[in-house]
Amino acid sequence: MKIKVNPALIAAPLAFCYKLMAKSLRFEVEGLENITKALDSKKTIIMAVWHNELLALSAYGIIKDLPYVTIASDSNDGQIITDILERIGYEVVRGSSSKGGLKALLGMTRVMKKKGRVGIITMDGPKGPRHKVKPGIMAIAQRTGSLIIPMRGYLKNPIVFEKAWDKFELPRPFDRCKIFMGTPFQITDQKLSSEQLKMEADKIEYEMKNLGSGF
């Protein structure tokens, strides 16, 4: 028998614990001036991140009170994630990676333009392959004329889910975390053909691979 759980009952305590954990982490940050200058320029911004580093980077967003907007799936799990993210200050646009994908992308675009929120996209989510860029970030960046800022987060002593497709990393309370924010750039204004998408994806993957290093 399948038991349905009210997402709000799970999300509230998880969000509370997550905030406590986030405040305990010790961050070392390089490149903060890149996002500061981009915000001052009044351009819309997309933070490009990998799925396995999401919790550490989101924790930093809590500490700095960054006005993020992101996408969560239409599933029941997505509702739990949405409830947690909204409690920690995110705005969330709902949509699956298949049927609701275009709707979610357009919704995120509207929020970024009208409310000045910073987009944060897990480029290889929700199911991988690990550290491979999918087209969504290019579509949103081109449609909004946004700057893309590569962002990495390296935990010193994470709990790593080795069997997960992305080797997801869970921060431990009071862990150290290195945050790196790369140089902002814009993708091409040319039509995003399959060849052009690959070129842009290769460029982003290169930037991410060479951005900072761990402990």
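Helices (H or I, at least four residues) and strands (E, at least two) are DSSP runs, numbered here from the N terminus. The model is a predicted one, in which local features need pLDDT of at least 70 and side-chain atom pairs count only at pLDDT 80 or more, while totals for chains, interfaces and linings use all residues. Residues are numbered from 1 along each chain as its sequence is written, and side-chain values use heavy atoms, with hydrogens and water left out.

Pro 126 sits in the loop that runs between strand E5 (118–122) and helix H6 (136–144). Its relative accessible area is 42%, so Pro 126 is partly exposed; buried means under 20% relative accessible area, exposed over 50%, and partly exposed in between (1.4 Å probe, protein chains only). Although Pro 126 and Trp 165 are 39 residues apart along the chain, 9.7 Å separates their C-alpha atoms.

Helix H2 spans residues 32–40 and has Asn 34, Ile 35 and Ala 38 buried. These residues lie on the same side of H2 because they cover an arc of only 90° around the axis, the arc being that of the directions from the helix axis to the C-beta atoms. An α-helix has 3.6 residues a turn, so residues three or four places apart point the same way. Exposed residues Lys 37 and Asp 40 are carried on the face of H2 turned away from its buried side. Strands E2 (45–49), E6 (147–155) and E9 (176–181) are what the buried residues of H2 pack against, where contact means heavy atoms within 4.5 Å. Just after H2, Lys 42 has a positive phi of about 70°.

The largest nonpolar core has 34 residues, and the members touching the most others are Met 47, Tyr 68, Met 151 and Met 181. A nonpolar core is a set of buried Ala, Val, Leu, Ile, Met, Phe, Trp, Tyr and Cys residues joined through side-chain atoms within 4.5 Å. Leaving out residues up to four places away in sequence, the contacts of Tyr 68 include Met 47, Met 151, Glu 91 and Arg 117. A second, separate core holds 22 residues, among them Ile 46, Met 112, Ala 141 and Phe 185.

There are 8 salt bridges in the structure, a salt bridge being a side-chain nitrogen of Lys or Arg within 4 Å of a carboxyl oxygen of Asp or Glu. The table lists some of them.

| Glu 53 | Arg 152 | 2.5 Å |

Salt bridges that share partners join Glu 91, Lys 115 and Arg 117 into one network. Within it, Lys 115 is exposed, with a relative accessible area of 55%. In the pair of Glu 53 and Arg 152, Glu 53 belongs to the loop between E2 and helix H3 (54–64) and Arg 152 to strand E6, so the bridge ties together parts 99 residues apart in sequence. Glu 53 is buried at a relative accessible area of 4%, and Arg 152 is buried at 7%.

Thr 188 is located in the loop between E9 and helix H7 (194–209). With 14% relative accessibility, Thr 188 counts as buried. A polar atom of the Thr 188 side chain lies 2.9 Å from the backbone nitrogen of Gln 190. Residues up to four places away in sequence aside, Thr 188 touches Gln 142, Gln 196 and Glu 200.

How values were computed: A polar contact is a pair of N or O atoms within 3.5 Å; within protein, one must be able to donate a hydrogen and the other to accept it, and residues adjacent in sequence count only if both atoms are side-chain atoms.
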